[in-house]
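Q: I would like to learn how to read side-chain features in a structural model, taking one kind of feature at a time. Could we go through the structure shown here together?

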Amino acid sequence: MKLLNLATALALSGFIAAAPSYANTAKEPTKQAQKQKQTQKQTQKQAPKKMQKSPQKPAQKTTQAQKPKTTAKPAAKPAKKQAAKPAAKPVAKAAAAGAGLAAVAATASQLQENLSVKYLGQGVKAVEDQAVIFSNYEVKNLSDKDLQTMEWEVIYMVNGQDAHTKPIKLNVQAPFFKPGNQFNIEVQLGLNELSEENRQLFLSENSNITSRIQTKALTFSDQSKLTLK
């Protein structure tokens with residue numbers, strides 16, 4: 001009985017001694033559970049923050065998507081320049097043509113100011129058994145210089161239409177053609193100088209033949225010139 005009681009006492013003492021360790025192991029899971037709960041709470045608290053930050057990223061993408069608008073602007077500028085360049089060429093050509101016509105008109109006006117050519121009349125006559133059309137003109141030097149060479153064009157018209165042009169050049173020997181002097185000239189046009197078509201027109205009874213003269217160039221005794229191009 002004493003042995004049994006001792007054994008049971010030992011067993012009980014061992015049980016009691018082991019009890020605190022058992023109690024300690026039971027407490028440890030509870031601490032781990034608390035730690036897990038705390039970490040879950042922390043993750044739950046941090047999760048909304050991440051969710052709040054994440055919507056900001058698409059906003060950055062949208063601002064980046066607007067960048068192509070700035071690249072599209074330079075593309076429009078070359079189109080305007082290219083459209084403007086072809087428009088500038090016709091304007092320059094028109095200006096050059098206008099300047100050329102103005103120069104011709106100025107030269108023609110100077111020729112008329114220096115030389116007067118007055119139409120006196122025309123007719124038909126036989127020269128060396130050939131019919132010729134003659135035209136008479138009065139020429140006067142209006143300049144303040146001696147004239148040495150004069151060049152004209154006589155334009156013959158049939159019923160108001162230009163049909164034939166005859167160039168004339170007159171060289172005056174010293175003492176040249178003095179300022180204020182005048183003389184008459186006769187210009188002759190033979191039928192053999194005309195084309196077959198114009199010859200028929202000039203010989204037709206229904207044709208009205210007229211002419212006009214235009215001064216093309218003047219050379220003065222000091223070798224200065226006026227030329228109509």
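**Reading side chains in this model**

A: Leaving out residues up to four places away in sequence, N141 touches N114, L115, D146, L147, F177, K178, P179, G180 and N181. Please keep in mind throughout that this is a predicted model.

Q: Where is N141 found, and is N141 buried or exposed?
A: N141 belongs to strand β2, and with a relative accessible area of 2% N141 is buried, because buried means under 20%.

Q: Which backbone oxygens does the side chain of N141 reach?
A: A polar atom of the N141 side chain lies 2.9 Å from the backbone oxygen of F177, and the side chain also reaches the backbone oxygen of K178, at 3.2 Å.

Q: How should I read a salt bridge, and how many salt bridges are found in the whole structure?
A: The general idea is that side chains of opposite charge can pair when their charged atoms come close. A search of the whole structure finds 6 salt bridges, and one of them joins D222 to K145, with the closest N and O atoms 3.2 Å apart. This pair links distant parts of the chain, since D222 is in the loop between β6 (209-220) and β7 (225-227) while K145 is in the loop between β2 (131-141) and β3 (147-158), 77 residues apart. As for accessibility, D222 counts as partly exposed at 45%, and K145 is partly exposed as well, with a relative accessible area of 30%.

Q: Which parts of the chain does the salt bridge between D162 and R212 tie together?
A: The two side chains meet at 3.1 Å, N to O. D162 lies in strand β4 (residues 161-171) and R212 in strand β6, so the pair ties together parts that are 50 residues apart in sequence. D162 counts as exposed at 52% relative accessibility, whereas R212, at 37%, is partly exposed.

Q: What is the distance in the salt bridge of K166 and E193, and is K166 buried or exposed?
A: The side chains of K166 and E193 meet at 3.5 Å, N to O. Here too the pair links distant parts of the chain, with K166 in strand β4 and E193 in the loop between β5 (182-190) and α4 (196-203), 27 residues apart. K166 counts as buried at 18% relative accessibility, while E193 is partly exposed at 36%.

Q: Which rings have a charged side chain over them?
A: The charged end of K125 sits over the ring of F134, 5.0 Å from the ring centre. K145, which also forms the salt bridge with D222, lies over the face of F220, at 5.4 Å from the ring centre.

Q: How should I read a nonpolar core, and which residues of the largest one touch the most other members?
A: In soluble globular proteins, nonpolar side chains tend to be buried together. In this model the largest nonpolar core has 26 residues, of which L115, M150, W152 and F202 touch the most other members. Strands β2, β3, β5 and β6 each supply at least two residues of this core, and β3 gives the most, with 6 residues.

Q: What is L115 in contact with, leaving aside its neighbours within four places in sequence?
A: With those neighbours set aside, L115 is in contact with V139, K140, N141, L142, L147, M150, W152, F177, T215 and L218.

Key
Residues are numbered from 1 along each chain as its sequence is written. This is a predicted model: local features need pLDDT of at least 70, side-chain atom pairs count only at pLDDT 80 or more; totals for chains, interfaces and linings use all residues. Side-chain values use heavy atoms; hydrogens and water are left out. A salt bridge is a side-chain nitrogen of Lys or Arg within 4 Å of a carboxyl oxygen of Asp or Glu. Helices (H or I, at least four residues) and strands (E, at least two) are DSSP runs, numbered from the N terminus. Buried means under 20% relative accessible area, exposed over 50%, partly exposed in between (1.4 Å probe, protein chains only). A polar contact is a pair of N or O atoms within 3.5 Å; within protein, one must be able to donate a hydrogen and the other to accept it, and residues adjacent in sequence count only if both atoms are side-chain atoms. Contact means heavy atoms within 4.5 Å. A charge sits over a ring if NZ of Lys or CZ of Arg is within 6 Å of the ring centre and within 35 degrees of the ring normal. A nonpolar core is a set of buried Ala, Val, Leu, Ile, Met, Phe, Trp, Tyr and Cys residues joined through side-chain atoms within 4.5 Å.
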